[in-house]
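Me: I have a model open and want to learn how to read its features. Please take me through them one at a time.

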Amino acid sequence: IDVPEWFFSETAVLAKMSSVRIKLICRQILLKLTGKGLNLEKINKLTTSKRLNFSNSDAKAIIAGLEFILGNAAKHDVEAEVLQEELMQLGLPQDTCVAICKGYQGKKEEMKQYFLQESLKLPRLKGCDWRVDYLISSSDIQSLRKPSIRLQLAYENTLAEDKRLETVSFEMNPEKFRVFVNELKVARDLMKDM
């Protein structure tokens, strides 16, 4: 992962903290990254001290930096040892790196599961039925004589608890159908290139 510029300035703030405080803050961040919420009161207690003299923006920087480290490491399935080496190369003290990586190692799989659960899920197409009707006339127009394409798509609703099959039907004229087919081809070609 390319490290964003803002993170480099936050490493100086992280480096000022003791490994024990970092470990305790990491616990709170890991709770957030596993869907259990973030206790800002605890983090504020850990970041406010006469000796440390951290501002409110420093506390936010610590949260953002640790969340960035832990979240991206889990998303990219980074091993704890590799993460530790990378953090040391960024200039963090070894005991701070060890504290971060111990918490990460224990919650890595839980974070990955939570991210998978919370990621965008699109409906899966399960079937497509179509028919072409030739309209001769209607109640409004005596002589119509135009083809009409009717599509019915069946998809699995991934947002519903039971993931039931749902259908959507629509009708279009031949011109719109040609545009529709061409746009689907373009989308398919773009997906092939990914």
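Reply: Start with angle classes. Angles under 35 degrees count as roughly parallel, over 145 as roughly antiparallel, 65 to 115 as roughly perpendicular, and the rest as oblique. Axes are lines fitted to C-alpha atoms, for helices over the stretch in contact, with angles from 0 to 180 degrees between N-to-C directions. This is a predicted model: local features need pLDDT of at least 70, side-chain atom pairs count only at pLDDT 80 or more, and totals for chains, interfaces and linings use all residues. Residues are numbered from 1 along each chain as its sequence is written, and side-chain values use heavy atoms, leaving out hydrogens and water.

Me: At what angle do the axes of α5 and α6 cross?

Reply: First, the elements: helices (H or I, at least four residues) and strands (E, at least two) are DSSP runs, numbered from the N terminus. The axes of α5 (residues 80-89) and α6 (residues 94-118) cross at roughly 150° and come within 9 Å. The two helices are therefore roughly antiparallel.

Me: Which residues make the contact?

Reply: Contact means heavy atoms within 4.5 Å. On α5, they include Leu 83, Leu 87 and Met 88. On α6, Val 98, Ile 100 and Tyr 104 are among them.

Me: How do I read a sheet?

Reply: Strands of a sheet pair through backbone hydrogen bonds, either parallel or antiparallel. Two strands count as paired if DSSP finds at least two bridges between them. Here 3 strands form an open sheet in the order β1-β2-β3, with antiparallel pairing. β1 and β3 are the edge strands, each pairing on one side only.

Me: How many bridges join β1 to β2, and how many join β2 to β3?

Reply: β1 (residues 124-135) and β2 (residues 146-156) are joined by 11 bridges. Between β2 and β3 (residues 165-172) there are 8 bridges. To locate the pairings, find Asp 133 with its partner Ser 148 in β2. Then find Leu 151 with Phe 170 in β3.

Me: What about salt bridges?

Reply: Side chains of opposite charge can pair when their charged atoms come close. The test is a side-chain nitrogen of Lys or Arg within 4 Å of a carboxyl oxygen of Asp or Glu. The whole structure holds 11 salt bridges. In one of them, Lys 32 pairs with Glu 67, with the closest N and O atoms 3.0 Å apart. Lys 32 lies in α2 (residues 19-33) and Glu 67 in α4 (residues 56-75), so the pair ties together parts 35 residues apart in sequence.
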